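Subject: Structure handover

Hello,

Here is the structure I promised to pass on. Please open it alongside this note; my findings follow below.

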Amino acid sequence: EQDFYVRLLRQLNPSQARILVLMADGSTWPMVHVNAGSLPGIGSTRVLSYASSVGKEAGVLLRAQVPNFIAHMYSLGLLTVGPQARELEPQYEILEADTLVREAMGYIETELNQYSNIERCTIRLSEFAESLCAVALPHGRP
C-alpha cells in the first residue's frame, strides 16, 4: 500500500501537493465550471473547468494552472466533485470575481457571442485521498 501511495504522490507537482495538504482537514471548497451557450442553460459547451479558490489559499504560484492541477487530481481519484453548497455563497462570489473566471466569461460573450453560465460545484478529498493523507501526513495533518 505504501509503495502505491508513493507512486501516486510522485505524479503530483509541488502545487498539487500543497492543495492536497490544505484539503487534508476534510474541508469542502467551492469550484465552478464556466459554460457557453447560444441560449441560457440550453446546449452549453464548457469553456473553463475546475476553477477553484483552493489554489490561492494553498499558495499556488501558477494560479492560472489551478484548474489543470485540480483536473489532474480528480483524474487520479484524489478529489470528488459535489453539488453547490449554499453555505459557501460568499466564497462562490469571490471565486466568480476571479480574473480567470471573468476572462472566460468575457471570451464567451465577446469572442463567441454566446451567453455565459456558471455551474457551481464543490470539491473535497475522496475517501481514497483521505486514507493517503492518513499515511503520508500522520503527524502533520492540518
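How many helices and strands does the chain have? There are 7 helices and 4 strands. Keep in mind that this is a predicted model. In sequence order, the elements run α-α-β-β-α-α-β-α-α-β-α.

**Overall form**

The radius of gyration is 16 Å. For 142 residues, a compact globule would come out near 14 Å, so the chain agrees with that expectation. Along the principal axes, the C-alpha atoms fill a box of roughly 50 × 30 × 25 Å. Buried residues make up 39% of the 142. The chain exposes about 8,100 Å², and 51% of that comes from carbon and sulfur atoms. Take the contacts with a separation of 6 or more: 71% of them join residues 24 or more positions apart.

**Salt bridges**

Side chains of opposite charge can pair when their charged atoms come close. The count here is 4 salt bridges.

R46 and E119 form one of them, at 2.7 Å from N to O. R46 has a relative accessible area of 39%. For E119 the value is 29%.

Next, look at R120. It pairs with E89, and the closest N and O atoms are 2.7 Å apart. R120 belongs to strand β4 and E89 to helix α5 (residues 89-96), so this bridge ties together parts 31 residues apart in sequence. R120 also pairs with E96, with the closest N and O atoms 2.6 Å apart. E96 is in helix α5 too, so here the parts tied together are 24 residues apart.

R120 has a relative accessible area of 19%, and the cut-off for buried is under 20%. E89 is partly exposed, at 25%.

**Helix α7**

Helix α7 covers residues 127-136, and its buried residues are A129, L132 and C133. Seen down the helix axis, they fall within an arc of 100°, so they line one face of α7. Their cover includes α1 (2-9), α2 (14-23) and β4 (115-125).

**Loops and surface**

Q114 lies in the loop between α6 (99-111) and β4. Its relative accessible area is 29%, which makes Q114 partly exposed. The C-alpha atoms of Q114 and S38 are separated by 5.0 Å, although the two residues are 76 apart along the chain. What else does Q114 contact, leaving aside neighbours within four places in sequence? Besides S38, the contacts are A36, G37, I108 and E109.

L39 is in the loop between β1 (29-37) and β2 (45-52). L39 is partly exposed, with a relative accessible area of 48%. Together with I42 and Y115, L39 forms a nonpolar patch on the surface. The accessible area of the three together is about 320 Å².

**To look at when you open the model**

- The buried face of α7, with A129, L132 and C133.
- The patch of L39, I42 and Y115.

Over to you.

Best wishes

Definitions and conventions: Residues numbered from 1 in each chain as written. Predicted model: local features only at pLDDT ≥ 70, side-chain atom pairs only at ≥ 80, totals over all residues. Heavy atoms only, no water. Buried < 20%, exposed > 50% of the residue type's maximum accessible area, 1.4 Å probe, protein only. Helix = DSSP H or I, 4+ residues; strand = E, 2+ residues; numbered from the N terminus. Arc of directions from axis to C-beta. Contact = heavy atoms within 4.5 Å. Patch = residues over 30% accessible without salt bridge, like charges linked within 9 Å, V, L, I, M, F, W, Y side chains within 5 Å. Areas by Shrake-Rupley, 256 points an atom, 1.4 Å probe, with all protein chains shown as cover. Salt bridge = Lys/Arg side-chain N within 4 Å of Asp/Glu carboxyl O. Rg over C-alpha atoms; globule rule 2.2 N^0.38 Å.
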